[in-house]
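Trainee: Could you walk me through this structure, step by step?
Mentor: Gladly, have a look at it first.

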Amino acid sequence: MNVFEVRGGNRLKGEIYPQGAKNEALQIICAVLLTPEEVTIKNIPDILDVNLLIELLAEMNVEVNRVDRSTCIFRAKDVNIDYLHSEAFRKKSGKLRGSVMLAGAMLARYKKAFIPKPGGDQIGRRRLDTHVIGFEKFGININHNEADGFFHLSAKELKGTYMLLDEPSVTGTANVVMAATMATGTTTIYNAACEPYLQQLCKMLNRMGAKISGIGSNLLTIEGVAHLSGTTHTILPDMIEVGSFIGLAAMTQSDILIKNVSVPDLGVIPNRFEQLGINLEIKGDDIHIPTQESYTIQKYFDGGVLTIYDHPWPGFTPDLLSIVLVTAIQAHGSVLIHQKMFESRLFFVDKLIDMGAQIILCDPHRAVVIGLGRERKLRGITMSSPDIRAGVALLIAALSAEGQSTIQNIEQIDRGYQQIDTRLQALGADIRRAQK
């Protein structure tokens, strides 16, 4: 078993570059199945989830030329559709939630797809309803086979339609957008997700010859085309890493310059950390977090306790609530963290409490953090990472704590953060990867 051994208390200093956005990469890489021509993807994050998806494409007989760890050239000229119904695909895709987005591209091009039970984080229920209902609107037949555990999807043709999504799911929107690109007629998607990841997918598809309008809004109109061509695409920097580094700098009283963050695509992320009292200096496309001896959580104008909650874009991403929660531990003041989307994502706070944090877990969705104001440090403990984002929140806590912490199940962290130990060592962190 691999673990991180962390000795906290070091103040970090230096520059760090965010990796390519994981959530965007999973959509973009699935989209290469829409064309038999070459698609070059740049700034790919070298992480477990993305590498697993690339392996899946190679096993589907997609030509994969990994120019370097951040650049791949794909050519889906002769795709093995039957592989998607194999036991090997079921086992491998069961580890990766993002594999469900292969279906939209396969339906657009081949009118056939298979979806196994989704995998990914253990953070609560993650429904397929948005995907399935959207596909049904195109006239796709969907049958669940109890014997093999797959959803079987097929259609003679996909017919453009109007659909009102039951929720603005990012992966659900990506799936129906890809399916709509080569449907007959016009598709209108209302209540669509409009995250930068989705905007990037739509822009890439338009360069390939798709006709998508309304990009950046929750109302997308897609005129189906007969063929899509190859293209080159560069993935945005990962906004979740940017937020994680802001929280890390504040908790460890460090001086960190986060380079090339694509500020226009961060939305309200900087504002939420400023609400915690953290000083941010935006310099061009970089964010500088200077050393702060203390920071104070803002209150509402009427003196009420601040609430930070997740909301569909342009609201605050749920992937950063764990980071906001841990960052608030050493603040002056209190904050209510309300995780609306997933009912198990706050179930790591017991470990923070064991470290000395003052947190009240109200229910599966809400936690109140009562800031320590640096009156005492957290203490190092042995703990396990339950999911990607909680794992990095625990790592931030460990780096700010007194003594040594051991973090188990770090494969979860590796799924979303590229060589995080090496990159933090370059800033002066005392962290090493070990086997127990």
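Predicted model: local features only at pLDDT ≥ 70, side-chain atom pairs only at ≥ 80, totals over all residues.

Mentor: Residues are numbered from 1 along each chain as its sequence is written, and side-chain values use heavy atoms, with hydrogens and water left out.

Trainee: What separation do the centres of domain 1 and domain 2 have, taken over C-alpha atoms?
Mentor: The bounds come from an automatic or database domain assignment. Domain 1 covers 2–19 + 237–435, and domain 2 covers 22–234. Their centres, taken over C-alpha atoms, are separated by 31 Å.

Trainee: How much area do domain 1 and domain 2 bury between them?
Mentor: Contact here means heavy atoms within 4.5 Å, and 23 residues of domain 1 are in contact with 22 residues of domain 2. Buried area is the accessible area (1.4 Å probe) that two parts lose on being put together, summed over both. Of that area, 51% is on carbon and sulfur atoms, and the total is about 1900 Å².

Trainee: Which helix gives the largest share of the side of domain 1 that touches domain 2?
Mentor: Helices are DSSP runs (H or I, at least four residues) and strands likewise (E, at least two), numbered from the N terminus. Helix 8 (239–251), helix 12 (388–400) and helix 13 each supply at least two residues of that side. The largest share, three residues, comes from helix 13.

Trainee: How many salt bridges are counted between domain 1 and domain 2?
Mentor: A salt bridge is a side-chain nitrogen of Lys or Arg within 4 Å of a carboxyl oxygen of Asp or Glu. The structure holds 19 salt bridges. Between domain 1 and domain 2, the count is one.

Trainee: How far apart in sequence are the parts that Arg-415 and Asp-49 tie together?
Mentor: Arg-415 forms a salt bridge with Asp-49, with the closest N and O atoms 2.8 Å apart. Arg-415 lies in the loop between helix 13 (411–414) and helix 14 (420–425), while Asp-49 is in helix 2, so the parts tied together are 366 residues apart in sequence.

Trainee: Are Arg-415 and Asp-49 buried or exposed?
Mentor: Buried means under 20% relative accessible area, exposed over 50%, and partly exposed in between (1.4 Å probe, protein chains only). By that scale, both Arg-415 and Asp-49 are buried.

Trainee: Which class does Arg-11 fall into by relative accessibility?
Mentor: Arg-11 forms a salt bridge with Glu-293, the closest N and O atoms being 3.0 Å apart. The pair links distant parts of the chain, 282 residues apart. Glu-293, at 48% relative accessibility, counts as partly exposed. Because its relative accessibility is 45%, Arg-11 also counts as partly exposed.

Trainee: How many of the residues of helix 4 are buried?
Mentor: Helix 4 spans residues 102–110 and is mostly covered. Its buried residues include Leu-102, Met-106 and Arg-109.
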